[in-house]
Amino acid sequence: MKITEDNFIEYIERKDEDALKFVIKNYGGTMKAVINRILYLYPQDSEECLYDSIMKIWDNISFFDETKNSFRNWAAAVAKYTALNRLKQLTRLEPTLDADELTIADIPHMTDNEVFNGFFMELISCLNDEDKALFIRIFWNGDTIDESAKALNQRKSNIYNRLSRAKKKIMKNNPEYFTGRNKYE
């Protein structure tokens, strides 16, 4: 019997490795995106964290309840908490400073906004400087198309076209974040 969206959980419970491949193929991109958002300072550990997350799904599939959540959301939550645990381990392993040498600037205080900022900058890194500036102006600073067109002395249609091309380029260069969810594939 072929493994599908309707029966893959049953096959995972039976410990069928083909079901695990199905999970990796269909949900691995989402899980990797979640992990990369958390471990963006430690990219060398994100792949191992993904494997650990998949193994947690494999070992704990009995805890999945489809009446409470979709499998995609549950898998993303498993990946999130696995990555957070890995981040805690990694930050504990980093050398500490002597209290006399410690300044406010040395104290790590990553907020959700800073984590998202790192992820956002990673996404737009494939754009040229002009398109990066436009993307930041509109999607980070919240400027309108009209405000951006006026500030850049360009027509609104030109701004829309640049944004459209930039979005396509971002999706093309970061397929792990957009697989199966866009018309540009």
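I began with Lys15, which is partly exposed at a relative accessible area of 39% (buried is under 20%, exposed over 50%, partly exposed in between, with a 1.4 Å probe and protein chains only). This is a predicted model, where local features need pLDDT of at least 70, side-chain atom pairs count only at pLDDT 80 or more, and totals for chains, interfaces and linings use all residues. Residues are numbered from 1 along each chain as its sequence is written, and side-chain values use heavy atoms, with hydrogens and water left out.

I placed Lys15 in the loop between H1 and H2 (helices are DSSP runs of H or I, at least four residues, numbered from the N terminus). I read its phi as near 65°, a positive value in a residue other than glycine. Most residues other than glycine have a negative phi.

I then looked up Asn153, in the loop between H7 (145-152) and H8 (156-173). Its phi is near 55°, also positive, and Asn153 is exposed at 72% relative accessibility.

Next I followed helix H2, residues 17-38, and found a bend of about 60° at Tyr27 (the angle between axes fitted to the seven residues ending there and the seven starting there).

I turned to the largest nonpolar core, which has 30 residues, with Phe8, Ile57 and Phe71 making the most contacts inside it (a core is a set of buried Ala, Val, Leu, Ile, Met, Phe, Trp, Tyr and Cys residues joined through side-chain atoms within 4.5 Å). H2 supplies the largest share of this core, 9 residues. I also noted a second, separate core of 14 residues, including Phe119 and Ile138.

Notes
Helices (H or I, at least four residues) and strands (E, at least two) are DSSP runs, numbered from the N terminus.
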